[in-house]
Each structure stands twice: as structure tokens, then as C-alpha cells.
Amino acid sequence: MKLTVIAVGHRLPDWLDSGFDEYARRMPRDMQLKLTELKPEVRRDEPGSSAAARVLEKEAQRIDAAVPGGAVKVVLDETGKAVTTRQLAQRLARWRDDARDVAFMIGGADGTAARLKAGADWLWSLSPLTLPHGLVRVVLAEQIYRAVSILNNHPYHRE
């Protein structure tokens, strides 16, 4: 099973890259976690909602192109469904048992295009808080690692 995080944004502080890499490194071989960074679209035209819509659409096209074929599409968004780590582990187990790869999509500074949200298999909220996009990567990687540790009866997760 391959787990891909597709994130709009690049050139983040080293501590964010190190945090993501630490959890990706801990993942078992049968559930590899990979990051695909996409360059954000730069608004070079007039301000306003039409400019923002064009930015979101261009980023959505790049996100679409980066999603592995047949992967479960998970869009991270504050309007999504919040779940516990155990519930995340159950979803991962189901996808693993169905031999499905998973693509976790993180939009850019302007969010994620509505069509990506509508086409997602799951719209997931990590938190009702607004989080910096780089920090979302680290929290996501840690929660995926924690969920996998539950599936593997590893003592990392305690209740």
C-alpha cells in the first residue's frame, strides 16, 4: 500500500521537512508514505474572486495529475469530517485490505478547488483550527504513523 501526500507549497522551513520525514521513515515497508510537493500558483493578475478561482483551478489540475491511478482520494479541509485516530486506523485497514493506494491532498494558501472536494472519496478535517499548510503535513504524517502503529499493535499509541 502506498500513501502519498500531495501538498501545494514548497520551500518550507527545515523543521517541517524534518518532521514529515521522521514519520515517513518510521512507516513499515508495506505502507510507505511519500510526499509530492507542488509549486503554488502565483497570482499575477487582478485581485478578486475570479483570480482566486483561477489559482485554485490551476493548482487542482496539478493535484489531479499527481494522484496515482486508482488511489483513494482524501482531501484535507476544515469542513471535512473529524475522526479519531482509531477511526483513521480502521479506514487505513479497509483500504489496505482492498489493496488500494491512498492520496492525501493538501491545497494551497487559497484552499482547495470545490471540484476536488466534490470528487474526493473522503473529505477529512484534522482540526477545526486553521493550521499552516506545512504543519498540516507533519500532523498528517504523525497521525498516519499512529494509526498504522495501532494496526500493527505497536506501543506508540497509548490509551
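## Helix H3 and its neighbours

The buried residues of H3 pack against strand E1 (2-8), E3, strand E4 (102-106), strand E5 (122-124) and H5. Contact here means heavy atoms within 4.5 Å, and buried means under 20% relative accessible area, with exposed over 50% and partly exposed in between (1.4 Å probe, protein chains only). Helices (H or I, at least four residues) and strands (E, at least two) are DSSP runs, numbered from the N terminus.

A word on the source: this is a predicted model, where local features need pLDDT of at least 70, side-chain atom pairs count only at pLDDT 80 or more, and totals for chains, interfaces and linings use all residues. Residues are numbered from 1 along each chain as its sequence is written, and side-chain values use heavy atoms, leaving out hydrogens and water.

Back to H3 (residues 85-97): its 13 residues reach 18 Å from first C-alpha to last, close to the 18 Å expected at 1.5 Å a residue. That expected span is 1.5 Å times one less than the number of residues. Its buried residues are Thr85, Leu88, Ala89, Arg91, Leu92, Ala93 and Trp95. After H3 comes alanine 99, with a positive phi near 55 degrees.

Which residues does glutamine 143 touch, leaving out those up to four places away in sequence? They are Thr85 and Leu88. Glutamine 143 sits in helix H5 (residues 133-151) and is buried, at a relative accessible area of 19%. Its side chain also makes a polar contact of 2.6 Å with that of threonine 85. Such a contact is a pair of N or O atoms within 3.5 Å; within protein, one must be able to donate a hydrogen and the other to accept it, and residues adjacent in sequence count only if both atoms are side-chain atoms.

## The pockets

| Pocket | Volume | Gives the most to the lining |
|---|---|---|
| Largest pocket | About 290 Å³ | E3, 3 residues |
| Second largest pocket | About 180 Å³ | H5, 3 residues |

A pocket is an open set of points on a 1 Å grid over the protein atoms alone, where a 1.4 Å probe fits, with protein on both sides within 12 Å along at least five of seven lines; lining residues have an atom within 4 Å of a point. Grid points are joined across faces, edges and corners, and a volume is the space filled by probe spheres set on the points.
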